[in-house]
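Here is a friendly briefing to read alongside the model.

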Amino acid sequence: MNEAKKNQSTVSRRAFLGTSATAAAGFTILPRNTVAGLGHKAPSDKLNIAGIGVGGIGRTNLKNMSTENIVALADVDWKYAGKTFNDYPNAVRYKDFRELLDKQKDIDAVLVATPDHVHALAAYSAMKLGKHVYVQKPLTHPVYESRLLTNTANETGVATQMGNQGNSGEGIREICEWIWAGTIGEIQEVHAWTNRPIWPQGLERPTEKVRVPRTLDWDLFLGPAAYRPYNPIYTPWNWRGWWDFGTGALGDMACHILDPAFKALKLKYPTAVEGSSTQINTESAPEAQKVTYWFPERDNLPKVAMPAVKVTWYDGGLLPERPEELVDGEMMGDWGGGVIFVGSKGKIMCGTYARNPQLLPTRKMEDFKRPAETLRRIPEAMEGGHEQDWIRACKEDKSNRMEASSNFDYSGPLNEMVVMGVLAVRLQDLKRRLLWDGANMQFTNIGDNDEIRVVTSDKFEVVDGDPKFDTKYDTMNAKKAAEEWIRHHYREGWQQI
């Protein structure tokens, strides 16, 4: 494929930027009885929603939004998206989300459920046009994009939500109320884990040539990522384990599982991070990893202090030490993972999505007097309530809007923490605890001449009974690598944000 073909796009960058800037300049907040965004009034005051990336979890999100008008759909793979297209036969279909945003003039709100590396560009472009956005987790691929989406949401006044549905659930609210009431005292240690990855990881880039399916626009799938030849191991679905497209198990599940710790402990930027893993290479996330974050003390609450806290993440089968309060055979968390809060007066354990919080030992729940409910409840959060809470926010005027539970003011910093942990794993060859300046999004103890050595390929065979290893490495400047992983440079033909 020649370079011109690699960089082709349906909508010219200049035309798209011009349209975005014009629309953003003319954006105004509308009265509450008018659908916010473009100023038209939809039938029965319903939002007109467009879906970008609708072949996977996007289909579930749209189903949960189907109280509204689903007017347009964009996906690079029309075979994979076929079921969703059939769900909404009257929706206009596109392959390029930029074309959708440029041509579809009746949109109020946009769902973004593409692979991670396209989240920010699609969401940013929609917000600059005055569209409300719901973006699947992780919110963005690198740290910088999370900060950008947070700031853009505030600048444009649109309603936002990240797709970590547990954030709207009952469990996270109970955990917050218990901790804020001082139930387990001061918390200085948290452990969180997941059973992911359940997709292939620790892989080298394939070299065989495979023809691109006719239903897939491979160039659009790559989007702002560097060009590489097509292989079916990348899409659909398995993109999550490849560094150029996804963020591995941490990016997939930490926005769910670390969410109750981030909210209940009122965390923001960590001051340091350290990562370790099974063998890591230049192409794909490792099969298992451990990431430890250190957070500074925060302002005390009326009934409990907020001292400095260490939060440790485990995935790929790695687990924290089993609490002595659990009886033999009692599950730690649930099948998907969980969180354990270690306090000065006790422990709290929950499962994935903050489900089923319990005091440890669990027999304490028999006579536990729960603190009064102080946080707003969202009905059926895990069965569509998370999406519906965002829809409600979209229809309210910014001046008196109750923001959705995981709006970008909250989920942007949460996501920064998550994907910064990805960097710690990729930079582990520095062999140090990395110091993080959250305000400026940079590590402060990586020198100009520091280098990391990362595996590019690893072969093993037994010859005449003797093991033979052939491991090759790439040596790179650590500071430049970190800067690129914090803020990506997009390939030519794609709008840099």
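Helices (H or I, at least four residues) and strands (E, at least two) are DSSP runs, numbered from the N terminus. This is a predicted model, in which local features need pLDDT of at least 70 and side-chain atom pairs count only at pLDDT 80 or more, while totals for chains, interfaces and linings use all residues. Residues are numbered from 1 along each chain as its sequence is written, and side-chain values use heavy atoms, with hydrogens and water left out.

**Confidence**
- The average pLDDT (the predictor's confidence in each residue, from 0 to 100) is 92, and 91% of the residues score at least 70.
- Residues 1-43 have a pLDDT below 50, and this stretch makes 84 contacts beyond near neighbours in sequence in the model; contact means heavy atoms within 4.5 Å.
- Where pLDDT is low, the predicted coordinates should not be read in detail.

- An open, mixed sheet holds 9 strands in the order 13-12-11-7-10-9-8-14-15; two strands pair if DSSP finds at least two bridges between them.
- Strand 13 (358-360) and strand 15 (442-443) are the edges, each with a single partner strand, so one side of each has no neighbour in the sheet.
- Strand 7 (residues 187-194) runs antiparallel to strand 11 (residues 337-343), with 7 bridges joining them; I187 has G343 as its bridge partner in strand 11.

**Cavities**
- On a 1 Å grid over the protein atoms alone, a cavity is a set of points where a 1.4 Å probe fits but cannot get out, and a pocket is an open set with protein on both sides within 12 Å along at least five of seven lines; lining residues have an atom within 4 Å of a point.
- Grid points are joined across faces, edges and corners, and a volume is the space filled by probe spheres set on the points.
- The whole structure has 2 cavities of 30 Å³ or more, and the largest cavity holds about 90 Å³ of space.
- Helix 13 (residues 408-426) gives the most to the lining of the largest cavity, with 4 residues; the lining includes W243, R426, W485 and H488.

- The largest pocket has about 710 Å³ of space; of its 41 lining residues, G56, I57, A113, T114 and W239 are the closest to its centre.
- Helix 6 gives the most to the lining of the largest pocket, with 4 residues.
- The second largest pocket has about 460 Å³ of space, and D244, R426, E484, W485 and H488 lie nearest its centre among 21 lining residues.
- Helix 14 (residues 478-486) gives the most to the lining of the second largest pocket, with 3 residues.
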